[in-house]
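Thanks for coming, everyone. Please put the model up on the screen.

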Amino acid sequence: MSSQFNANNGAAQAAGKDNPMSEETIEREAVGFIGLGMMGHGIAKNIVENGHPLSVIAHRNRKPVEDLVGRGAVEVTSLGELARQSNVVFLCVTGSPEVEAAVRGPDGLLNNLRPGSVVVDCSSSDPTSTAMLAAELKAKGIDFADAPLSRTPKEAWEGTLDTMVGADDAVFARLQPILDTWAGKIVHIGGVGDGHRMKLLNNFISLGYGAIYAEALALAERVGISAERVDSVISGGRMDCGFYQTFMRYTLEGDRDAHKFSLANAFKDLRYLESMANGAGLVNPVGNAVKNSYAAAVAADGAGDYVPMLPAYIDRLNGGKSK
């Protein structure tokens, strides 16, 4: 299958379901994927299994690359090679510094993608950086979209992630068939950058829950109420939710993989939120308080631990001896 973008493909996708061309007669977009971590591996798996030519590049862990090659992907050895073989490139990396390096590097996307290509950032990135990168790419005829994620690696593998997309209408229509391979809920939020803005708001709410749960559990232990007794009140009540359930699965069952989102990433996203609030001229005292809970954990060597492990760091901050 050719890696060149088929003009009929873009037109058919933009026209939607009423287009008379069958799915079998439309050549699928050639996709490049950068960032095969806990989320990216599952997303890339669903892209290649749904018939898209897929180019991948290794970072530190070769296992995802080997798995994807076994499913039909092609491994490349440089970002430039990946860009030259792709019409749409997805990034699923830590944050804006990594995205900027991939785009602007001497052998990066900016210098190697063809006009008419699209870069899609699925990372939780700084919207200010997103806007600058989009402008730089646009000057070379390359479109940009932000499609950050919600939910967990389990849903990434199953192809049922949530994504909030910032893109113009034509780019969104072109991307939707690819997004459909790995997302169960796709919301077109608005223009470029709006997906990342919404992601920061989403993470502020969820990580705010995490900070409240952590402090409540630490306080409960201090006053002699066990986590099990707390859960007997909250679970199934009005304050229950999916985030609470995965958070408490670690607390109650010791399941380290229940909610695999690191404290370092949480702190990073809350710093981006603070920057966004500053840019908007908004005082955000709650956001800063939540950020400081995660900052304290990261400062106490908790960067690699996950959000449900935060109660132990709150306990330590208050003189306890928890991990």
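Gly195 has 0% relative accessibility, so Gly195 counts as buried. Buried means under 20% relative accessible area, exposed means over 50%, and partly exposed lies in between, with a 1.4 Å probe and protein chains only. This is a predicted model, in which local features need pLDDT of at least 70, side-chain atom pairs count only at pLDDT 80 or more, and totals for chains, interfaces and linings use all residues. Numbering runs from 1 along each chain as its sequence is written, and side-chain values use heavy atoms, with hydrogens and water left out.

Back to Gly195. Its place is in helix α9. Helices here are DSSP runs of H or I, at least four residues, and strands are runs of E, at least two, numbered from the N terminus. What does Gly195 touch? Leaving aside residues up to four places away in sequence, Gly195 touches Asp146, Pro148, Met164, Val165, Gly166 and Ile189. Contact means heavy atoms within 4.5 Å. Ser124 is 71 residues from Gly195 in sequence, yet their C-alpha atoms are 9.3 Å apart in space.

Now follow α9 itself. How are two packed helices described? By the angle between their axes and the distance between the axes. Axes are lines fitted to C-alpha atoms, for helices over the stretch in contact, and angles run from 0 to 180 degrees between N-to-C directions.

Take α14 as a partner. Helix α9, residues 194–222, packs on helix α14, residues 310–317, at about 55°, with the axes 8 Å apart. The two are therefore oblique to each other. For angles, under 35 degrees is roughly parallel, over 145 roughly antiparallel, 65 to 115 roughly perpendicular, and the rest oblique. The crossing of α9 past α14 is right-handed. That term means the near helix is turned clockwise from the far one by less than a right angle; anticlockwise is left-handed. On the α9 side, the contact is made by Gly210, Ala211, Ala214, Glu215, Leu217, Ala218 and Arg222. α14 brings Leu310, Pro311, Ile314 and Asp315. By class, this contact has seven nonpolar, one polar and three charged residues. Ala, Val, Leu, Ile, Met, Phe, Trp, Tyr, Cys and Pro count as nonpolar, Asp, Glu, Lys and Arg as charged, and the others, Gly among them, as polar.

Next, α11. The axes of α9 and helix α11, residues 242–253, come within 10 Å and cross at roughly 40°. That makes α9 oblique to α11. This crossing is right-handed. Ser206, Tyr209, Gly210, Tyr213, Ala214 and Leu217 of α9 meet Phe243, Tyr244, Phe247, Met248 and Thr251 of α11. How many of these are charged? None: the contact has eight nonpolar and three polar residues.

On to α2. Nine of the ten residues in this helix, 40–49, are buried, so α2 is largely enclosed by the rest of the structure. Among the buried ones are His41, Lys45 and Asn46. After α2 comes Gly51, with a positive phi near 95°.

Two more backbone spots. Most residues other than glycine have a negative phi. Arg151 has a positive one, near 95°. It sits in the loop between β7 and α7, and is partly exposed at 46%. Asp301 has a positive phi too, near 70°. Asp301 lies in helix α13 and is exposed at 72%.

Last, confidence. pLDDT is the predictor's confidence in each residue, from 0 to 100. The chain averages 91, and 91% of the residues score at least 70. Over residues 1–26, pLDDT stays under 50.
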